[in-house]
Amino acid sequence: MNKAGRVESAVGIGKSHLAARLWPANWRYHTRMKVIGFLFTLPVLVFFLVFNIYPIISAIIISFFEFDLFGPMTWVGPANYQNLTGNKNFWSAIRVTLSFMLFFGPPAWVIGFLFASLIKDKIIGRFFFRSVFFAPTILSAVAMATAWSLLLRQNGPLNAMLGLSVSWLTKQNSALWGIVIMSIWQGAGWFMVVFLAGLQSIPQTFYEAAAIDGAGRWPLLRHITLPMLRPIFAFVVIHTIIAGMKIFTPMFIMTGGGPNNSTRSMAMLIYHEGLRDLRMGRASAISMVGFVLILILTIIQLRLFRVHEGVEA
Amino acid sequence: MMQPPSSLWRPRTAYKVMRLILLIVFAAIMLFPMVWIVSGSLKPLEQVFAIPVKWIPDPIQWRNYPEAWTSENFTRNLINSLIVLVAQVSILVFFPALAGYGFAKHNFPGKEIMFVIILSMSLLPLQIIMIPLFVIVKQLGWINTYQGLILPIAVNAFGVFFMRQFISSIPSEYIDAARVDGSGELSIFFQIVAPMVKPALVTLALLGALASWDEFLWPLIVISDQDLATLPLGISYLKSLYQAPAHWLLAVSVVMALPLLLIFLFAQQRIIESAAQTGIKG
């Protein structure tokens, strides 16, 4: 599909040649076609301008004001940003978000990779196993957060099965772990699918050649599989970071950000500052910090995109 | 782990057996929460947290479902969710397809730049722009309205990118031939392009339906009127009640998750393929 797309856009020049031949010197036709082409993209363009680009600009502006939604906007210069540097809640949210990325990401990648390796070949029950591993990704995040807040109760089934009596979501030092455990359960299947696509794109001839040379399973993994998956790893890392920037629903439903802010992520803090406490300026300043982080990642992602696209097609 | 083609190297039986055992163990771990949720939703309340875990409810208490359903205004929530879903899916399929045709088969100044800008929006999460978006929606007078609920998150960059990719793969000869015959661009779109990318439209509609059904943050922000609340909001209301009965919470969670599971089983291949290209959710 992707390759075809590229060829087509190259052939696009040929298309306008055809038109030129059919309507010689008819520049009005060309102008009309350009306008029509633009009109096709116009609704979507308007959408992105109004609901994405304007909000970003607006966030930059609001972040320099004090604004409670009802009263007037008061210019405060960079005060909202200066406030963040000494703001305990802000650093706590940064710490929660980074911890989430760190404790959720690597385990979910490893489990996803393991699942992908196990079902890569055509084995009995492959369809079943793939469905079971992937299903938690698809099941409603809200419903699963609701149900997991019961699964993680001190008298709940998780403790019963593991022989523990941790009160996961109500203690400051275990609440984030509770959310991380659920997130790994939900996310591993998604990583499996990504790794599966990557594994299946590695040419079999590589393995054939190595097998003829008598390479064992471990060297195959180390010298062929892992290096070939490098672009996939980059993709997976970026997605994990963005997932961390987005994490909100489990916190909102399961802990409300508590106890003692131990699960209040950046997204949750933006929500609290802006929509609960009506400090739009400070909330926008936090958003801008997140935006800059995402922007840097977007640039990396776009640079890697070609490589990634090639692997996945 | 990795396995070369069978003609050169066959996995030993021991390995195959071990792999199968591992898979069964992992499947059991992954299934355990789902089984507990479904089983708990059918138990009498005092059995939900019984230790050791009672996997088969006895008696099976079906009335949990109607009781949970009527404990909050879930019928209303369901209707709202469906209205939002139908509207969002229609918008998500129609406008990105139009734009995809424009980007793939037309040339106009600024096209490349526009496309790159839209593409870069695909990594901009709602969480980052929720504050200004809320302010904008408030200025439009859209708080507690269907349009406020539906429109601001209806289109996404992935849809545009996805449709452009598919429409690019249609040979331009078909389109040129229709142009020579004097067809208008809109009729080319509806009669040639749209039918040829039908599988892509279906995939996009399914992904849109999954996302719309489960969207939580945006409704939470724009809706405070309970008559406009969607199902995810309804569940969070029930959850936030002091001492909400566990078996009801589980029953409602099953109701919420079941349509997603059905869509998944019905369109597994499509969903998995596109999941590899995009994050369906968080």
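In chain B, the centres of domain 1 and domain 2, taken over C-alpha atoms, sit 38 Å apart. The domain assignment for chain B puts domain 1 at 13-62 and domain 2 at 72-240, with bounds that come from an automatic or database domain assignment. This is a predicted model, so local features need pLDDT of at least 70, side-chain atom pairs count only at pLDDT 80 or more, and totals for chains, interfaces and linings use all residues. Residues are numbered from 1 along each chain as its sequence is written, while chains are lettered from A and ligands numbered from 1 in the order in which they are written.

Chain A is split into domain 1 (14-62) and domain 2 (81-312), and the C-alpha centres of domain 1 and domain 2 of chain A are 37 Å apart. What contact there is between the two involves four residues of domain 1 of chain A and six residues of domain 2 of chain A; a contact here means that the C-beta atoms of two residues, placed from the backbone, lie within 7 Å.

Between the chains, 98 residues of chain A are in contact with 86 residues of chain B. The biggest contributor on the chain A side is helix α2 (residues 27-62), which puts in 20 residues. By class, that side of chain A holds 63 nonpolar, 26 polar and nine charged residues.

As for secondary structure, chain A has 14 helices and two strands, where helices (H or I, at least four residues) and strands (E, at least two) are DSSP runs numbered from the N terminus. Of the 313 residues of chain A, 42% count as buried. A residue is called buried if 20 or more other C-beta atoms lie within 10 Å of its own, exposed if 12 or fewer, and partly exposed in between, with C-beta atoms placed from the backbone. Looking at contacts in chain A between residues at least 6 apart in sequence, 69% join residues at least 24 apart.

Helix α6 of chain A (residues 141-151) is mostly covered, with eleven of its eleven residues buried. Among them are A:Met144, A:Trp148 and A:Leu151, along with A:Thr146 and A:Ser149. In the loop between α6 and α7 (157-162) of chain A sits A:Gln154. A:Gln154 has 15 other C-beta atoms within 10 Å and is partly exposed. Leaving out residues up to four places away in sequence, A:Gln154 touches A:Asn159, A:Ser165 and A:Ser167. The C-alpha atoms of A:Gln154 and A:Val166, which are twelve residues apart along the chain, are separated by 5.7 Å.

The largest nonpolar core counts 162 residues; a core of this kind is a set of buried Ala, Val, Leu, Ile, Met, Phe, Trp, Tyr and Cys residues joined through C-beta atoms within 7 Å. The members touching the most other members are A:Ala188, A:Phe191, A:Met192, A:Phe195, A:Ile270, B:Met130 and B:Met163. Helix α8 of chain A (residues 175-200) supplies the largest share of this core, 17 residues. On the chain B side, B:Met163 touches B:Pro96, B:Ala97, B:Gly100, B:Val197, B:Ala200 and B:Leu204, not counting residues up to four places away in sequence.

Back in chain A, 23 of the 26 residues of α8(A) are buried, so this helix is largely enclosed by the rest of the structure. From first C-alpha to last, α8(A) reaches 38 Å, close to the 38 Å expected at 1.5 Å a residue; the expected span is 1.5 Å times one less than the number of residues in the helix. There is still a kink of about 35 degrees in α8(A), centred on A:Gly187, with the bend at a residue taken as the angle between axes fitted to the seven residues ending there and the seven starting there.

The peptide bond from B:Asp58 to B:Pro59 is cis, with omega near 0 degrees, and B:Pro59 lies in the loop between α2 (45-48) and α3 (64-71) of chain B. In chain A, A:Asn260 is not a glycine but has a positive phi of about 55 degrees. A:Asn260 belongs to the loop between α12 (249-255) and α13 (266-276) of chain A, and counts as exposed with 11 C-beta neighbours inside 10 Å. A:Asn261, in the loop between α12 and α13 of chain A, has a positive phi near 65 degrees. With 18 C-beta neighbours inside 10 Å, A:Asn261 counts as partly exposed.

Key
Ala, Val, Leu, Ile, Met, Phe, Trp, Tyr, Cys and Pro count as nonpolar, Asp, Glu, Lys and Arg as charged, and the others, Gly among them, as polar.
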